[in-house]
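Keep the model open as you read.

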Amino acid sequence: MTDYLADVQKYDSGADEAVVNKIVRHLGIALRNKDSALVSATDPKELERVKEKWCEKKLGVGGADADAAIAATANAMADDRSKSRVTFYYLVAKNLGKLQAL
């Protein structure tokens, strides 16, 4: 099993393990497939899906705020060719100030 917490801690050394575990449970079966366990930050459809399914539906934030958080996360993870969906979602939630809402 992938160590999701260690990956998140590369970007946020104070990452909350309980929050990471909630994201892992939320994503569930999607993490079993290598393709769906990663986020393609260069695919507009993928980023729109993150906005719709994660930002709007789960976090309750849409529009420009969601776009800005996704862009900031993609920028922060730019050097990582394989962007873990758990880490990406964690950082988007952090950028939106929604970690405690999870």
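Arg85 sits in helix α5, which covers residues 85-95. Bear in mind that this is a predicted model. Arg85 counts as buried because its relative accessible area is 9%, under the 20% cut-off. What does its side chain pair with? A polar contact of 2.5 Å links the side chains of Arg85 and Glu46. Glu46 also turns up among the residues that Arg85 touches beyond four places in sequence, along with Leu27, Ser36, Ala37, Leu38, Val39 and Val50.

Now step back to Lys83, in strand β2 (residues 83-84). Lys83 is buried too, yet it has no salt bridge. How far away is the nearest side chain of opposite charge? That's Asp80, at 6.3 Å. The backbone is another matter: a polar atom of the Lys83 side chain lies 2.8 Å from the backbone oxygen of Asp80, and the Lys83 side chain reaches the backbone oxygen of Met77 at 3.5 Å. Setting aside neighbours within four places in sequence, Lys83 contacts Ala37, Leu38, Val39, Ala41, Ala74, Met77 and Ala78.

The largest nonpolar core has 32 residues, and Ile23, Trp54, Val86, Phe88 and Tyr90 have the most contacts inside it. Helices α1 (4-9), α2 (17-27), α3 (44-58), α4 (63-76) and α5 each supply at least two of its residues, with α5 giving the largest share, seven residues. In soluble globular proteins, nonpolar side chains do tend to be buried together.

Note on methods
Residues are numbered from 1 along each chain as its sequence is written. This is a predicted model: local features need pLDDT of at least 70, side-chain atom pairs count only at pLDDT 80 or more; totals for chains, interfaces and linings use all residues. Side-chain values use heavy atoms; hydrogens and water are left out. Helices (H or I, at least four residues) and strands (E, at least two) are DSSP runs, numbered from the N terminus. Buried means under 20% relative accessible area, exposed over 50%, partly exposed in between (1.4 Å probe, protein chains only). Lys and Arg count as positive and Asp and Glu as negative; His and the chain ends are not counted. A salt bridge is a side-chain nitrogen of Lys or Arg within 4 Å of a carboxyl oxygen of Asp or Glu. A polar contact is a pair of N or O atoms within 3.5 Å; within protein, one must be able to donate a hydrogen and the other to accept it, and residues adjacent in sequence count only if both atoms are side-chain atoms. Contact means heavy atoms within 4.5 Å. A nonpolar core is a set of buried Ala, Val, Leu, Ile, Met, Phe, Trp, Tyr and Cys residues joined through side-chain atoms within 4.5 Å.
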